[in-house]
Amino acid sequence: MDFLVGWIAIVPSYATPLLLASLGLIVCERAGILNLGAEGLMAVGAMTGAVAVLSGFDPWAALAAGAAAGTALALLFGIATVVMRADHTLSGLAVVAIGLGVTGVVGRPYMQKTFPGIANFGELFGIERSSALGRILAVQDPVTLAMPVLVALLWWWLMRSGSGLRLRAVGENPAAADVAGIDVQVAQFGAVLVSGLLCGLAGAYLCVATSHVWVEGMVAARGWVAVALVIFARWNPARALVGALVFGSADALVPRLQAIGADIPVYLAMMLPYLLTLAVLVASAMAGRASGEPSFLGRVYLRQDKH
Amino acid sequence: MLDAAFLVRRQAPGLLLSSLCYAGGLAFGLAVSAALLVQAGVPAGALVDEFLIATFLTSDGLAQTLTAALPLVLVGLASAVAMRVRFWNIGVEGQLWLGALAATWIGIDGTGPDALRLPSMLLLSAVVGAAWIALPLALKIRFGVSEVISTLLLGSVAFLLVQHALFGAWRDPATGFPVTTAFAEAARFGSLGWGQLHGGLFVVMIAAVLVWFMLGHTRVGFYADAVGLNPKGARATGLPVSATIVGLVLLSGALSGLAGMIIVAGTEHRLNQSVGSGYLFSAIVIAYLARARPLWVVVVSLALGAVFTAGSVLKVFYGISEGMIVLVQGTVLISILMAQFFSTYSLSRPG
């Protein structure tokens, strides 16, 4: 029981960065741009968040700084893929390299210095940790609480609003969208920037809200898990919420098992999230046809080409 | 808005134009990287010294550059052969780690006759590397699972396996550090008497020549190009599409596995936590810059070997961090990717 409560309590903080990043990727990929750069965008967001807090900024400002840094790197990705029509896969990998490289170069003086994070509910509202519910609620933070709201808004915008429909049209059939008067490039560029914003925020959350310290490589393939999560979610924000909770639970299991002193081979247990991701990918692929993948994902649109 | 000027795809960009764009992108990427290094506190004069003179024009430097280039050639080839059939092998590092793990197993265990030690390490590392890519390959063929993610995830799994071994059964009993004990003499490549350069050079040369011959002078290269350009068309024509993909992708894993063996048996003589890091982006950058052509892979690997050599010197003298090499690779890659734009499209104002 004790173990279960401790586990449930930390799942949201593990799920939130995965969810933020995959929501960003969903918007981007719905516009037809395959974004494999999430790992780099998150790394830059995490490092910038840490640098901001350690430079004396408020943790909330640090989250915003991380989001801005992710957007800046996404700007480069957008110029490469949307304006210069470069290959999406290779551009995404270049963004990962640049993101990881920049954090290694710029962040070194800020490594392994702990700092205060954003206040959790226990501190904000003085929740008693006597009951199980109290213990779970006390460690939550405002960002995790905002997640269901963000998912609902994003789902409504993508699936029900006119501008969301236009964005999806660009990813499904840019030629038709073009004829209908939608500026394909502007829509794609905007979607790329949104993915940078949310991935940067995800990284900053990981650093500022969860770990309160920055070390090189702390994103630890979570960006790639987010990429996989998008496929699992079938490019649908509501399913991404479910997926993020599943992945977050697996991710949170290992530290909880260690915390209660379970005798498990640590590094083998750490493989669980990766293997789970793989299993989920296979399961989503087997589930079949209606994968929800935007038809034009990862392809270059040129008005003159016949599509 | 961004499409206001009419973009027209060029039918066949001329050799001059595409070389100019390639060179321009490369020059721009290198210039940005140089500016970053100067910004990080390396004097501009030292850059020329370290990157050109110390790495190619001194005997010690050239030996070091060649040694650093050996595993780079193998991972570059690994990435290139997979790229030829449009398979994104993002798990090069994982296959390399497992190759190193397999070689280490034989290297520290030391059973069997000495003469068979190195050959069995070579063979096992290649087999294990191929086996590690077989799973994502099967998942892609059978279920259509994107290999970009599956190979990468298995790369993380491979690294954790290495960690498990290093912090468990294989931890150095003398010091307690997470490194294995040093290999026996029989499990090391002999020194060639020039810097750190070792007998692995011959393995790499043979591998490069074989891949070059196979892709350039046998049907395999033709099949690979047909599959890469249009798999449906190739299948309709009756070409062995599946066999080509399977063969080249397994070869890709085997080459990565070999690279791991070359590192542990050639230079490190033990397994530690850093032997395989940094090779993923190098592999992709080499294969892309070399346009997946084996001979160019060797040339680009030598250049990148120089970057690695110079980088380790800069690290000591100017406190440049490991991340700088990754940053330079990413910058050069994206700059060349973007420069392609000018050779692929022409602008024509409507009206």
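**Chain B, from fold to helix H1**

Me: In chain B, what share of the contacts with a separation of 6 or more joins residues 24 or more positions apart?
Reply: This is a predicted model, where local features need pLDDT of at least 70 and side-chain atom pairs 80 or more, while totals for chains, interfaces and linings use all residues; side-chain values use heavy atoms, without hydrogens or water. Residues are numbered from 1 along each chain as written, with chains lettered from A and ligands numbered from 1 in written order. Counting contacts as heavy atoms within 4.5 Å, the share in chain B is 79%.

Me: How many helices and strands does chain B have?
Reply: Both are DSSP runs numbered from the N terminus: helices are H or I with at least four residues, strands E with at least two. For chain B that comes to 13 helices and two strands.

Me: How much of chain B is buried?
Reply: Buried means under 20% relative accessible area (1.4 Å probe, protein chains only). Chain B has 351 residues, and the part of them that counts as buried is 53%.

Me: Which helices do the buried residues of H1(B) pack against?
Reply: Let's start with the residues themselves: Ser18(B), Cys21(B), Gly25(B), Gly29(B), Ser33(B) and Leu37(B) are buried in H1(B). Their packing partners, all in chain B, are H2 (44-56), H12 and H13.

Me: What span should helix H1 of chain B have?
Reply: Helix H1 covers residues 15-39 of chain B, 25 residues in all. The expected span is 1.5 Å times one less than the number of residues.

Me: Which residue just after H1(B) takes a positive phi?
Reply: Look just past the end of H1(B) for a phi of about 110°. The residue there is Gly41(B).

Notes: Buried means under 20% relative accessible area, exposed over 50%, partly exposed in between (1.4 Å probe, protein chains only).
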